[in-house]
Amino acid sequence: MLPILQATQLLNAANYNLLGPLIDHHDFPLLVKKAGIVYVAKLARQDELPVLQTLASHPVDNMPRIQPPLIGDDCIVSVETLINGHNLAEVLVDHGPYAPIEVAQVADELLQALTQLARLKLVHRDIKLSNVVVSHGHYYLIDVNAARQYQENQSTDTRLLGTSGFAAPENYGFAQTDQRSDLFALGIVLKALLTGQVPVDSLDRTAWTPPDRLWRHFIQKATALDPSKRYQSAQTMRAAVPGHRFIRYPFAVGVQFSQHNWPIIKTSLWISYCCVLVIFSYAAVSGEATWGARFYNLWLCFIYFASPAAAHFINLWLYKHLPNFNWLRYRGWLRANEVVIYFVLLATSHPSL
């Protein structure tokens, strides 16, 4: 039986509804649906089966959920959840270079996935811009077609895989790939986000370097040609990410809110803030007989309630118009300047006004 025909029969027998091809004029990958969830079905090779079975029984955060593979006489079908979003290669074209804090989030989330892959003794082997998808403000590592299980007593990989510009030297047969190979490729991805330059040859060490010293040192260590000189684990590399302690995930506190709820919550908070400001401003002027006293009370309302909001919007404007500025390095100085300005405003609020 033809593999494609048998694959569709396997999907129908497993109660997947066929929606259509993911790519025009191609039979596979195929979009399918089951229990209200959209999946991507792919034809897999026999040597991919151990990896698919491992990931099906041990889901990894920040990666698609792999379903139990469907096995027939003439084909194997892998099924994984659809991550609906844009890959970093597309985003980089539209967005341009990422700000350091954005790169820190990319690194943090992908290193969480690589940490869990390492515990399963799996090596992804094809980390690149097009295999990282951003969806609802989070980053996901996709496409495990090139993944393999690490073998303790093996000198090289049986199949040489990887993408030129991102693959570590050992991907080309110099040694067996391991987690450090994935860390090398991730370092190239992060460097591309920082510089806006898409690599052609990952072995070119001079053509493009991050402008920031901390990130430059971090990338150089991650992409060292000698695996022994790289970060030796995803946990170690994650701890070394510049500014990783300042990463904030807005929906990770208490209940996990969805991205769709956040605009409503934010709008409600701003409306509440404005109502409080109006109430205090009215109370400040209603009990005073002179314009000097009213102005003084309004000035205090501005200092205590409006100036923090003004500082917030100024920071947002600067962050948007200076995307490559290293905010993390100067975070302390920026906050100190805000405090100084705040006390200057207090000093100007004298009752004699």
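**View 1. Lysine 128 and what it touches.** Leaving aside residues up to four places away in sequence, lysine 128 touches Thr163, Phe166 and Val189, a contact being heavy atoms within 4.5 Å. This is a predicted model, so local features need pLDDT of at least 70 and side-chain atom pairs count only at pLDDT 80 or more, while totals for chains, interfaces and linings use all residues. Residues are numbered from 1 along each chain as its sequence is written, and side-chain values use heavy atoms, with hydrogens and water left out. Lysine 128 sits in the loop between strand E7 (122-123) and strand E8 (132-135). Helices (H or I, at least four residues) and strands (E, at least two) are DSSP runs, numbered from the N terminus. Is this lysine buried or exposed? Lysine 128 has a relative accessible area of 17%, so it counts as buried; the cut-offs are under 20% for buried, over 50% for exposed and partly exposed in between, with a 1.4 Å probe and protein chains only.

**View 2. The five-stranded sheet.** Here's an open sheet in the order E1-E2-E3-E5-E4, with antiparallel pairing. Strand E1 (17-21) and strand E4 (66-71) are at the edges with a single partner strand each, so one side of each has no neighbour in the sheet. On average, neighbouring strands are turned by 30 degrees against each other, direction ignored. Helix H2 (residues 49-57) packs on the sheet and touches E3, E4 and E5, its direction making about 140 degrees with that of E4. Axes here are lines fitted to C-alpha atoms, for helices over the stretch in contact, and angles run from 0 to 180 degrees between N-to-C directions.

**View 3. Strand E5 and its two partners.** Strand E3 (residues 37-44) pairs with E5 in the antiparallel sense over six bridges; two strands pair if DSSP finds at least two bridges between them. Alanine 41 has valine 79 of E5 as its bridge partner, and alanine 44 stands opposite isoleucine 76. E4 also runs antiparallel to E5, joined by four bridges, and leucine 70 has valine 77 of E5 as its bridge partner. E4 and E5 make a hairpin with four residues between them.

**View 4. Glutamate 80 and the faces of E5.** In a regular strand the side chains alternate between the two faces of the sheet. In E5, Ile76, Ser78 and Glu80 point one way and Val77, Val79 and Thr81 the other, and all are buried. Glutamate 80 lies in strand E5 (residues 76-81) and counts as buried because its relative accessibility is 7%. Which residues does glutamate 80 touch, not counting those up to four places away in sequence? They are Tyr39, Val40, Lys42, Pro64, Arg65 and Ile66.

**View 5. Helix H5.** Helix H5 (residues 179-195) has 17 residues and reaches 25 Å from its first C-alpha to its last, close to the 24 Å expected at 1.5 Å a residue. That expected span is 1.5 Å times one less than the number of residues. H5 is mostly covered, with 16 of its 17 residues buried. Just after H5, glycine 196 takes a positive phi of about 80 degrees.

View 6. The protein has a mean pLDDT of 80, and 78% of its residues reach 70 or more; pLDDT is the predictor's confidence in each residue, from 0 to 100. Over residues 155-160 the pLDDT is below 50, and this stretch has 16 contacts in the model beyond near neighbours in sequence.
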